[in-house]
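Welcome! Please take a look at the sequence and the structure shown here, and turn the model around a few times before reading on.

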Amino acid sequence: MMADLQLTQSFSMLALNAQRSLEMTTAKKVALRCIAAAVILEVYLDKGFTPTKKQIALKKDVLEQSHTMLYQEIILKSLARQNAKKSWDLNTWLKRASMLPGSTLKKLEQAVSGSLKELGLLEEIPHLLGCDLYFHSAGVSIKEYRSDIQEYSSISESIRAEILEDGPVTDETICMLWLLRESGCMHDFFSRNELDIVSARMYKLYQGAPLATALYPIRIHRGIELAVKQFFRMKKGAVKTQAGSGLNFLFPILERSQAVFIDMEAMFSNPAARLHDVKQRLESNGHTVTVLQEGQIPTIKIDNIVYQAIPHAIYGRVPIHGVRLIPKPLI
């Protein structure tokens, strides 16, 4: 059963999963900028703004209400301190929220992750990189967030069902799609073939749903890193429509896709023995492992992400045999 989460909390369940909890990586910064924008959309959907011509102004009593969440307070008060003018269009509200300084993003992270931890939906576990040969042998400790596996699946499957099947699309899902696009997380939840459907559906929403018409042309991403431009050039042929353009513009998944190498004690061990050793290493580091497919190259789900365990060897003075965990792309 899905928990009764706010938009910001639901998106954070997807965006913070597998992110390093102690360091401010580029991927996490991108996620936090979008979480800050999610706060504005959450207040917008809750009628916390008063429309004035083409602009919207924050209602005075929003921050005084007893149910105001701490993460809302952090973003809204930070924006209020920036300028005496409190009335901007939605585009400006979202961009200003996403451009808040790193210190504010850190406070936002603590507030939103704290709210999820209180609900038992987010925890910090040893990072998957800690299982890698070099990190494991060096005793390096890295932490990562893990979203509750059942809730994570419920949120992602709900979005997929709404957008891939015919039927009405809620305002929350319209916002979630925009947030996934702007955070570069689309590839985590849709296959390449499905992205064509998503792109077409977003364009249809852009033409017919007032919220999508206002929201989908807005871009809050910046030239974060050269890899973004490189990836965009590589993928621009896949962009089909105005509303869908930008689906592939970011690639923070690069940081999540590090190929972890797990060494084996036995050389040339059989597939069953390799899989046993991999499971043992992962579970001893606090990960939840589900074997989806056995064989020469098994497919395993580690926490919320599916990997292929590919036999591999590192050749130095002495060859080291093991497996390399590669995130399995959606097909």
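## The chain as a whole

Keep in mind that this is a predicted model. The chain has 331 residues, and 49% of them count as buried. Its secondary structure consists of 14 helices and 10 strands.

How far apart in sequence are the residues that touch? Looking at contacts between residues at least 6 apart in sequence, 66% join residues at least 24 apart.

## The nonpolar cores

In soluble globular proteins, nonpolar side chains tend to be buried together. Here, the largest nonpolar core holds 68 residues. Which residues have the most contacts inside this core? They are I40, L94, L177, W178, L215 and Y216. Among the elements of the chain, helix α2, which covers residues 26-45, contributes the most to this core, giving 11 residues.

Leaving aside residues up to four places away in sequence, I40 touches F49, I75, L76, L79, L90, W93, L94 and A97. There is also a second, separate core, made of 19 residues, including A18, C131, V260 and L282.

## Helices α1 and α8

Two packed helices are described by the angle between their axes and the distance between the axes. The crossing of α1 past α8 is right-handed.

On the α1 side, the contact is made by L7, S10, F11 and L14. On the α8 side, E172, C175, M176, L179, L180 and S183 take part. Sorted by class, the residues of this contact are 7 nonpolar, 2 polar and 1 charged.

## Helices α2 and α5

Now go back to α2 and find its packing with helix α5, which spans residues 102-118. The angle between α2 and α5 is about 75°, with axes 10 Å apart. How are these two helices oriented to each other? Angles of 65 to 115 degrees count as roughly perpendicular, and α2 and α5 are therefore roughly perpendicular to each other.

From α2, the contact uses K28, K29, L32, R33, I35, A36 and V39, and from α5 it uses L105, K106, L108 and E109. By class, this contact of α2 with α5 has 6 nonpolar and 5 charged residues, with no polar ones.

Conventions:
Residues are numbered from 1 along each chain as its sequence is written. This is a predicted model: local features need pLDDT of at least 70, side-chain atom pairs count only at pLDDT 80 or more; totals for chains, interfaces and linings use all residues. Side-chain values use heavy atoms; hydrogens and water are left out. A crossing is left-handed if the near helix is turned anticlockwise from the far one by less than a right angle, and right-handed if clockwise. Helices (H or I, at least four residues) and strands (E, at least two) are DSSP runs, numbered from the N terminus. Contact means heavy atoms within 4.5 Å. Ala, Val, Leu, Ile, Met, Phe, Trp, Tyr, Cys and Pro count as nonpolar, Asp, Glu, Lys and Arg as charged, and the others, Gly among them, as polar. A nonpolar core is a set of buried Ala, Val, Leu, Ile, Met, Phe, Trp, Tyr and Cys residues joined through side-chain atoms within 4.5 Å. Buried means under 20% relative accessible area, exposed over 50%, partly exposed in between (1.4 Å probe, protein chains only). Axes are lines fitted to C-alpha atoms, for helices over the stretch in contact, and angles run from 0 to 180 degrees between N-to-C directions. Angles under 35 degrees count as roughly parallel, over 145 as roughly antiparallel, 65 to 115 as roughly perpendicular and the rest as oblique.
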